Amino acid sequence: MRLSRYFLPILRETPKEAEIVSHRLMLRAGMIRQESAGIYAWLPLGLRVLNRVNAVIRAEQERSGAIEILMPTIQSADLWRESGRYDAYGKEMLRLRDRHERDMLFGPTNEEMVTGIFRSAVRSYKDLPKNLYHIQWKFRDEVRPRFGVMRSREFLMKDAYSFDLDQAGARHSYNRMFVAYLRTFARLGLKAIPMRAETGPIGGDLSHEFIILAQTGESEVFCDQAFLDFEIPPATTDFDDVAGLQATVDHWTSRYAATSEMHDAAAFAEVPEPARMAARGIEVGHIFYFGTKYSEPMGAKVSGPDGVERPVHMGSYGIGPSRLVAAIIEASHDEAGIVWPDSVAPFDVGLLNLKAGDGATDAACASIQAELEEAGLSVLYDDRDERPGAKFATADLIGLPWQVVVGPKGLAEGKVELKRRATGARETLAPAELLARLRQGRT
Ligand code: ATP
Ligand code: MG
């Protein structure tokens, strides 16, 4: 992609309304634009990151056995009356009425709808377990939308819903998601810690929030530092191995970690002093077993091996991809701008032409762009007629993992410069060596 033809509305000024660094950088880098309070348009650069985050989430959902569907944003109030939540949900729900005076709503979540889909199709334990997920926009009329897409009113959510015959099955489904989440956040370059969360009237221990430590986080958290060095379950994990997954989850819940709502000061005091961490965090995911809370009132039943019909056991599993984009920036930036992890960068390479209009430099850049793109790398080619300083500043601000700097001086010696954004490390090499060097990966 040539920058001169792209749509990248960079802001020179730091927007005053933005209180935290991710919000400032997303606005400055032209990733998002506010349309109303807590409602954002995703501009090209932001959308590319959001799509890459979604791709990682999808890959790990599929690996763990979940199946993608797509439910609508607009839902019928009648469905929510069946569970009793239409009246219970309160002001966060955006309520609408259609031309036939039917009550509708913009979905804040999808338990009712997915339960409706399930009950219309599944009758027998032989069809279980199932886990259906989608990635869809949600609306919650938050009292205090803030921090850009971190807490917005319209936001993207990956929400998965599991269905099992009994609680033991549901626990395994829960464990699958638990492990999928560990892998997802690690692939996004994040260290997320599963923390005990409220289970409400259901009780038990099957509710965890996945929290990223960050000074700007809205949650107050308490945990054992040991988590930061825990090993992430490998891609070869067997998601059908009930005991194996349980062992992984047991390990990842063996140390103290709780948000303020679940905090137990006495238990926390037993964490050895040097490892005891009281910090702030960002909730990026939440998994929850809620048994028959919806299947019971909504009549979603399956017959077991004994022929007896029972309400199905369910869990729900949310991740916020739009919040994650901001959370990744909170975790990975410096004074000059964003530092994207390779896995979600909007482009792999920024190609900087230091003398646009110069025949030899233009030709070298065009051929580098063609070669890298041919090899499957995405390239944002800064071909604008701008000072080198402005190009460096833009490249650092938007944070592409690699910068290839091409100028007439270097070219005269047959060299270009390669910079790794994360470390600032630079090396000079021949254009013909670039591809092999980039494939070799990080320095
Ligand atoms: P919070 O405590 O932050 O309000 P929640 O408990 O309401 O979150 P869930 O209903 O569990 O959130 O939603 C699942 C995921 O959706 C959250 O972990 C978060 O990543 C994301 N999410 C929830 N609310 C918002 C929001 N207002 N803006 C952006 N992402 C959100
Ligand atoms: Mg909320």
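Strand β16 (residues 313–319) is largely enclosed by the rest of the structure, because seven of its seven residues are buried, where buried means under 20% relative accessible area, exposed over 50% and partly exposed in between, computed with a 1.4 Å probe on protein chains only. The model is predicted, so local features need pLDDT of at least 70 and side-chain atom pairs count only at pLDDT 80 or more, while totals for chains, interfaces and linings use all residues. Residues are numbered from 1 along each chain as its sequence is written, chains are lettered from A and ligands numbered from 1 in the order in which they are written, and side-chain values use heavy atoms, with hydrogens and water left out. Helices (H or I, at least four residues) and strands (E, at least two) are DSSP runs numbered from the N terminus, and two strands pair if DSSP finds at least two bridges between them.

**Strand β16 and its partners**

- Both faces of β16 are covered, with His 313, Gly 315, Tyr 317 and Ile 319 buried on one side and Met 314, Ser 316 and Gly 318 buried on the other.
- Strand β8 (residues 154–164) runs antiparallel to β16 and is joined to it by seven bridges, and in this pairing Phe 163 has Met 314 of β16 as its bridge partner.
- Strand β13 (residues 276–291) also pairs with β16 in the antiparallel sense, over six bridges, and Met 314 of β16 is the bridge partner of Gly 291.

**The five-stranded sheet**

- Five strands form an open sheet with mixed pairing in the order β20-β19-β21-β22-β23, and its edge strands, each pairing on one side only, are β20 (379–382) and β23 (426–429).
- From one strand to the next the twist averages 20°, with axes taken as lines fitted to C-alpha atoms, for helices over the stretch in contact, and angles running from 0 to 180 degrees between N-to-C directions.
- Strand β22 (residues 416–420) and β23 run antiparallel and are joined by four bridges, and the partner of Val 416 in β23 is Leu 429.
- Helix α11 (residues 359–374) packs on the sheet and touches β19 (349–353), β20, β21 (402–406) and β22, its direction making about 170° with that of β19; contact here means heavy atoms within 4.5 Å.
- Helix α12 (residues 388–398) likewise packs on the sheet, touching β19, β20, β21 and β22, and its direction makes about 175° with that of β19.

**The three-stranded sheet**

- Three strands form an open, antiparallel sheet in the order β4-β6-β5, in which β4 (74–76) and β5 (94–97) are the edge strands.
- Neighbouring strands of this sheet are turned by 40° against each other on average, direction ignored.
- Four bridges join β5 to strand β6 (residues 103–106), and Leu 96 has Met 104 in β6 as its bridge partner.

**Helices**

- The axes of helix α2 (residues 44–63) and helix α6 (residues 167–187) come within 9 Å and cross at roughly 150°.
- That crossing makes α2 roughly antiparallel to α6, a label given to angles over 145 degrees, whereas those under 35 count as roughly parallel, 65 to 115 as roughly perpendicular and the rest as oblique.
- Residues in the contact include Val 56, Ile 57 and Ala 59 of α2 and Met 177, Ala 180 and Tyr 181 of α6.
- Helix α5 (residues 111–119) is mostly covered, with seven of its nine residues buried, among them Glu 111, Glu 112 and Phe 118.
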